[in-house]
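Me: I have a protein model open and I am new to this. Could you walk me through reading its features?

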Amino acid sequence: MKARRSVRSYLPRKVEQEKLNAVLEAVRLTPSRHNDQNIRVIVVRDSALKQQIRQQAETQPMVEEADVLLVFCATDRTDFVMPCGQYGYVVDMSLATGFALLEAAEQGLDTCIICAFREDAVKDLLHVPASARVVSMVALGYGADNSPRKTKKNMEEIVSYDRF
Ligand SMILES: Cc1cc2nc3c(=O)[nH]c(=O)nc-3n(C[C@H](O)[C@H](O)[C@H](O)COP(=O)(O)O)c2cc1C
C-alpha cells in the first residue's frame with residue numbers, strides 16, 4: 001500500500017504474463033455483494049485499440065502508453081440498490097479495482113486508475129453489452145514517472161472513534 005501511487009507516464013516495457021496473472025487473480029478473489037461476482041475485466045493490450053480508447057478518455061497518454069489497460073465492467077444487476085442506498089455494482093467494481101492496484105504494486109508494477117472516460121464510446125469499442133456498465137480502467141505497466149508522492153491527510157483528519 002505504501003509503494004502504490006498513481007503513475008501517469010509509462011516505459012515501452014512489457015508486463016510479464018505471470019505478473020499480469022497475479023493482478024487478475026487478486027481481482028478474482030475480491031469480495032462482492034452476495035458473492036455475485038458480476039464482473040468482467042477486459043485486458044486490453046492491442047495498441048490500436050488502446051489508442052482509440054485514449055481518444056475517449058480525455059486523451060490521457062497513459063491509456064495508450066501503459067502496456068496493459070484493464071477495463072472493469074459490471075456484467076449485470078446494475079440496477080440493484082443496497083439497503084445502504086448505494087449501487088452494489090459501483091462498490092463491487094471499486095473494490096476489484098483497488099485489489100488490482102495493490103497486487104500490481106506488490107508485483108513491482110505501476111498503475112493509475114482512470115474514470116475520466118466516455119462510457120458509451122468505450123462500450124462500443126470493446127463490444128460491452130448495453131446492460132453492462134464500465135466503471136473504471138487501470139493503466140498497468142512500468143512507470144517512467146518520478147513525480148513526488150501525493151501528500152495524504154493526517155490520521156486525525158480522517159478517523160474518528162464512536163461518533164463522526
Ligand atoms: C475514482 C477515481 C478516479 C480517478 N480517475 C483518474 C483519471 O481519470 N485520470 C487520472 O490521471 N487519475 C485519476 N485518478 C487518480 C487520482 O487522481 C489519484 O488517486 C489521486 O490524485 C491520489 O494520488 P495517488 O493515487 O498517487 O495516491 C482517479 C482516482 C480515483 C479514486
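Me: How many salt bridges does the count come to?
Reply: Side chains of opposite charge can pair when their charged atoms come close. The rule here asks for a side-chain nitrogen of Lys or Arg within 4 Å of a carboxyl oxygen of Asp or Glu. By this rule the count comes to eight salt bridges. A word on the source: this is a predicted model, where local features need pLDDT of at least 70, side-chain atom pairs count only at pLDDT 80 or more, and totals for chains, interfaces and linings use all residues. Residues are numbered from 1 along each chain as its sequence is written, and side-chain values use heavy atoms, with hydrogens and water left out.

Me: Which helices hold Arg-54 and Glu-64?
Reply: Start with the contact. The side chains of Arg-54 and Glu-64 form a salt bridge at 2.9 Å, N to O. Arg-54 lies in helix H2 (residues 47–55) and Glu-64 in helix H3 (residues 61–65), so the pair ties together parts that are 10 residues apart in sequence. Helices (H or I, at least four residues) and strands (E, at least two) are DSSP runs, numbered from the N terminus.

Me: Where do Arg-133 and Glu-119 lie?
Reply: Again, begin with the pair. The side chains of Arg-133 and Glu-119 meet in a salt bridge of 2.9 Å, N to O. Arg-133 is in strand S4 (residues 133–141) and Glu-119 is in helix H5, so this pair ties together parts 14 residues apart in sequence.

Me: What links Lys-14, Arg-45 and Asp-67?
Reply: These three residues are joined in a network of salt bridges.

Me: How much space lies in the largest cavity?
Reply: First, the idea. On a 1 Å grid over the protein atoms alone, a cavity is a set of points where a 1.4 Å probe fits but cannot get out; lining residues have an atom within 4 Å of a point. Grid points are joined across faces, edges and corners, and a volume is the space filled by probe spheres set on the points. Here the count comes to one cavity of 30 Å³ or more. The largest cavity holds about 60 Å³ of space.

Me: Which helix gives the most to the lining of the largest cavity?
Reply: Helix H4 (residues 88–106) does, with four residues. The lining includes Arg-33, Asp-36, Tyr-89 and Met-93.

Me: Which residues make the nonpolar surface patch?
Reply: Patches are made of residues with over 30% relative accessible area and no salt bridge: like charges are joined within 9 Å, nonpolar side chains (Val, Leu, Ile, Met, Phe, Trp, Tyr) within 5 Å. Accessible areas come from the Shrake-Rupley method with a 1.4 Å probe, and for residues only the protein chains shown count as cover. In this model, Met-155, Ile-158, Val-159 and Tyr-161 make a nonpolar patch of about 490 Å². Met-155 sits in helix H6 (residues 155–158). At 58% relative accessibility, Met-155 counts as exposed.

Me: Where is Arg-118?
Reply: Arg-118 is in the loop between strand S3 (110–114) and helix H5 (119–126). Arg-118 counts as exposed, at 52% relative accessibility.

Technical notes
Buried means under 20% relative accessible area, exposed over 50%, partly exposed in between (1.4 Å probe, protein chains only). On a 1 Å grid over the protein atoms alone, a cavity is a set of points where a 1.4 Å probe fits but cannot get out, and a pocket is an open set with protein on both sides within 12 Å along at least five of seven lines; lining residues have an atom within 4 Å of a point.
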